[in-house]
Amino acid sequence: MKEGGYFQKALADFTHQVASGGAIRHLTDLGYTVKQIMERLDYPTTFERVQKGVWERMIETGVILTKEPGGLYGEGIAGEDGQRMRKAVYVQEYDQYGKVSFRRVEEMLETECEGPIVWKEIQIGIHPRQKDHVAVLLREKRSENGENRAYMSCEFGLAAWREPEKYHAMMERLDERQKEYLTGLPWERRRLYHRLDLRMTEILLKLFEAGLYEGECFFLDTQEKVWIA
């Protein structure tokens with residue numbers, strides 16, 4: 001890339017951060033879909049930029065984990081030295097003329113390394129008649145642990161790549177808002193872990209009822225792993 005190209009890219013990235021970056025992070029934290037965020041931005045921003053910003057924010061805040069929860073460093077968010085990690089946050093500031101800017105600062109994550117978790121395992125067979133039982137179990141475990149300490153495994157990227165018919169069936173099972181949320185995210189072609197919030201719990205139950213979800217749910221405080229297989 002020529003020098004002019006680097007400059008233009010750097011300028012475009014800076015403009016994006018100032019005009020849209022803070023808003024994207026804030027709306028992501030509120031649970032908005034990529035489509036909803038695009039509809040609320042004042043500055044024109046491409047779908048790809050919004051999608052990338054949403055995904056990075058979800059990883060940064062631990063909504064998405066790329067490694068199994070409860071691994072070598074507790075929740076999977078402690079640093080390689082076993083100490084607490086820092087996360088980047090952006091503070092909105094105004095100058096004397098009212099012009100907005102964003103300053104990058106770092107905060108220490110509260111969670112400390114606890115060592116690997118030895119899971120107490122619960123196994124559930126896939127059968128539509130067990131939906132009510134699974135719904136009650138997940139509700140109880142989310143209540144005990146808090147949704148920030150509960151995760152579900154996700155293989156949407158793998159399914160779209162390896163089993164497109166199954167992936168299509170999964171999306172057809174969901175309502176429009178659930179589908180919009182999932183299809184707006186750039187799922188990688190590997191197993192990932194999403195925080196088991198209310199929306200993802202409802203998605204899991206719909207897919208389970210249709211026999212289209214196989215995976216694991218992790219509850220960190222009670223150290224329980226629920227296998228759905």
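Guide: Contact means heavy atoms within 4.5 Å of each other. Keep that in mind for T222. Leaving aside neighbours within four places in sequence, T222 is in contact with K120, E144 and N145.

Visitor: What kind of model is this?

Guide: This is a predicted model: local features need pLDDT of at least 70, side-chain atom pairs count only at pLDDT 80 or more, and totals for chains, interfaces and linings use all residues. Residues are numbered from 1 along each chain as its sequence is written, while side-chain values use heavy atoms, with hydrogens and water left out.

Visitor: Why does T222 count as buried?

Guide: Buried means under 20% relative accessible area, exposed means over 50%, and partly exposed is in between (1.4 Å probe, protein chains only). T222 has 16% relative accessibility, so it counts as buried. Buried residues make up 41% of the 229 residues in the protein chain.

Visitor: What joins the side chains of T222 and E224?

Guide: A polar contact of 2.7 Å. The term covers a pair of N or O atoms within 3.5 Å; within protein, one must be able to donate a hydrogen and the other to accept it, and residues adjacent in sequence count only if both atoms are side-chain atoms.

Visitor: Where does T222 lie?

Guide: In the loop between β7 (215-219) and β8 (224-228). Helices (H or I, at least four residues) and strands (E, at least two) are DSSP runs, numbered from the N terminus. The protein chain has eight helices and eight strands. The hairpin of β7 and β8 has four residues between the strands, and there Q223 takes a positive phi near 55°.

Visitor: How do you know that β7 and β8 pair?

Guide: Two strands pair if DSSP finds at least two bridges between them. β7 and β8 run antiparallel and are joined by five bridges, so they meet the rule. F219 has E224 in β8 as its bridge partner. On the parallel side, five bridges join β4 to β8, and E121 stands opposite K225 in β8.

Visitor: What makes β8 largely enclosed?

Guide: Four of the five residues of β8 are buried, so the rest of the structure largely encloses this strand.

Visitor: Why do β1 and β4 stand at the edges?

Guide: First, the sheet. Six strands form an open sheet with mixed pairing, in the order β1-β6-β5-β7-β8-β4. β1 (64-65) and β4 (120-124) each have a single partner strand, so one side of each is left without a neighbour in the sheet. β1 pairs with β6 (192-195) over two bridges, in the antiparallel sense, and I64 stands opposite H194 in β6.

Visitor: How do you know that the buried residues of α6 line one face of the helix?

Guide: In α6 (164-173), Y167, M170 and M171 are buried. Seen down the axis of α6, the buried residues fall within an arc of 95° (taken from the directions from the helix axis to the C-beta atoms), so they line one face. On the other side of α6, E165 and E172 are exposed. The buried residues of α6 pack against α5 (156-162), α7 (176-183) and α8 (198-209).

Visitor: What is called a nonpolar core?

Guide: A set of buried Ala, Val, Leu, Ile, Met, Phe, Trp, Tyr and Cys residues joined through side-chain atoms within 4.5 Å. The largest one has 42 residues, of which F156, L182, W187 and L204 touch the most other members. α8 gives the largest share, six residues. A second, separate core of seven residues includes I117, Y151, Y193 and L220.
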